[in-house]
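Dear colleague,

I am handing over the structure we spoke about, and below it you will find my notes on what came out of it. Please read them with the model open beside you.

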Amino acid sequence: MDFISPTEIKRIASKYGFVFKKGLGQNFLSSQSVLEDIAMASEIENEGVIEIGPGFGVLTNELAKRAKKVVALEIDDRLIPVLADTLGEYDNVKVINQDVLKTDMKKLIDDEFDGEKVSVAANLPYYITTPIITALIEGDLPLKNLVVMVQKEVADRIIATPGTKNYGAISVLCQYYTDPELVCTVGANMFVPPPKVDSAVVKMAFRNTPAVSIKDEKMFFKTVKAAFSQRRKTLLNCLVSNFTHTKAELTELMESVGIEPTRRGETLSLEEFARLSDIL
Ligand code: SAM
């Protein structure tokens, strides 16, 4: 495929009579340098990669140049003949006409990559950003890097540090399993058609072991969820509403691990969440 620009995306759309569907998050990337940034950040040289939502195949093209094998999941059947054409030169690309949310990722990685570690790269359809990221991160899958284009505000939440307004349950979830970093921010004019929001690419490198060691993951995430359940309340009051312990018991438990009950949930580091959930 040639150098990608807004003109090139519009040319492909007009060639195939393709009409963009807003409901499927079809904002196609038209910046060659951002496509290369995503492919490079994925670190897939001679390895396997899964792409979610290939669209016209502009990112798939950059992935296919580098990876051993690309498996791309596309829900829109109108794009399947287009992709057969735009990616025709590659014999290391497999396009599957399937909804990512209905895909058994473990089975896909077993079947297509012999269960070996793969990365996931995508310019995500924004209407399902959180369910996709959550399913991939919590799925206990053999993943190396997750490099995704998301709304800028989602990227801000993924990389947020304790005590900042963007820090929340998704920050803890992502940072527990991965080491997230911002790759680049991308203006709305880099897409055809332009979305209403600015975007950013984040790279989440999966950790070999989670960021903190805890006794019980279920309890850890229950504690995190409770802590962020009512942002204006103190951590103690959030816990009282979500656990069966009395206020006095919770106060004592929190103090025993050096966490002031009057603090707000969003000020706790992963390590403090770990200490707290271990005694609950
Ligand atoms: N990768 C292309 C690019 O960068 O130009 C297209 C990205 S566009 C933001 C999102 C793509 O995801 C579209 O091709 C859309 O049809 C596809 N898509 C939307 N929902 C999907 C789903 N549930 N499963 C798989 N693909 C989906």
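**Overall picture**

The chain has an accessible surface of about 13,000 Å², and carbon and sulfur atoms account for 51% of that surface. Please keep in mind throughout that this is a predicted model. The chain has 280 residues, of which 51% are buried, and its C-alpha trace spans about 70 × 40 × 25 Å along the principal axes. Its secondary structure comes to twelve helices and nine strands. Among the contacts with a separation of 6 or more, 67% are between residues 24 or more positions apart.

**The sheet and a helix on it**

Seven strands form an open sheet with mixed pairing, and their order across the sheet is β4-β3-β2-β5-β6-β9-β7. The edges are taken by β4 (93-97) and β7 (178-186), and because each has a single partner strand, one side of each is left without a neighbour in the sheet. From one strand to the next, the twist averages 20°. Within this sheet, β2 (residues 48-52) and β5 (residues 118-123) run parallel to each other and pair over four bridges, and Glu51 has Ala121 of β5 as its bridge partner. Helix α2 (residues 32-42) packs on the sheet, where it touches β5, β6 (143-151), β7 and β9 (199-206), and its direction makes about 155° with that of β6.

Thr178 is a residue of the edge strand β7. Is Thr178 buried or exposed? Its relative accessibility is 0%, so Thr178 counts as buried. Leaving out residues up to four places away in sequence, Thr178 touches Ile137, Met204, Ala205, Phe206 and Arg207, while a polar atom of its side chain lies 2.7 Å from the backbone oxygen of Cys174.

**The ligand**

There are 24 residues around the ligand, and those that come nearest are Leu29, Gly53, Glu74, Asp99 and Tyr127. For Glu74, a polar side-chain atom lies 2.6 Å from an oxygen atom of the ligand. Backbone atoms take part as well: a backbone N or O atom of Gly55 lies 3.3 Å from a ligand oxygen atom, and a polar backbone atom of Val100 is 2.9 Å from a nitrogen atom of the ligand. On its own the ligand has 600 Å² of accessible area, and the protein covers 99% of it.

**A covered helix**

Helix α3 (residues 58-66) is mostly covered, with eight of its nine residues buried. The buried residues of α3 are Val58, Leu59, Thr60, Asn61, Glu62, Leu63, Ala64 and Arg66.

**Loops and backbone geometry**

Most residues other than glycine have a negative phi, and most peptide bonds are trans. Glu43, in the loop between α2 and β2, has a positive phi of about 50° although it is not a glycine, and with a relative accessibility of 37% Glu43 counts as partly exposed. Asn46 is found in the loop between α2 and β2 too; its phi is near 60°, again a positive value in a residue other than glycine, and at 60% relative accessibility Asn46 counts as exposed. Finally, the peptide bond that joins Val192 and Pro193 is cis, with omega at about -15°, and Pro193 is found in the loop between β8 (191-192) and β9.

Two further loop residues may interest you. Ser229 is found in the loop between α9 (217-227) and α10 (235-242), and with a relative accessible area of 37% this serine is partly exposed. Apart from its neighbours within four places in sequence, Ser229 is in contact with Cys238 and Asn242, and a polar contact of 3.4 Å joins the side chains of Ser229 and Asn242. By contrast, the C-alpha atoms of Ser229 and Val202, which are 27 residues apart along the chain, are separated by 26 Å. Gly258 lies in the loop between α11 (247-256) and α12 (270-279), and its relative accessible area is 55%, so Gly258 is exposed.

With best wishes

Terms used
Residues numbered from 1 in each chain as written. Predicted model: local features only at pLDDT ≥ 70, side-chain atom pairs only at ≥ 80, totals over all residues. Heavy atoms only, no water. Pairing = 2+ DSSP bridges. Helix = DSSP H or I, 4+ residues; strand = E, 2+ residues; numbered from the N terminus. Axes fitted to C-alpha atoms, helices over the stretch in contact; angles between N-to-C directions. Contact = heavy atoms within 4.5 Å. Near = heavy atom within 4 Å. Polar contact = N/O pair within 3.5 Å; in protein donor to acceptor, adjacent residues only side chain to side chain. Areas by Shrake-Rupley, 256 points an atom, 1.4 Å probe, with all protein chains shown as cover. Buried < 20%, exposed > 50% of the residue type's maximum accessible area, 1.4 Å probe, protein only.
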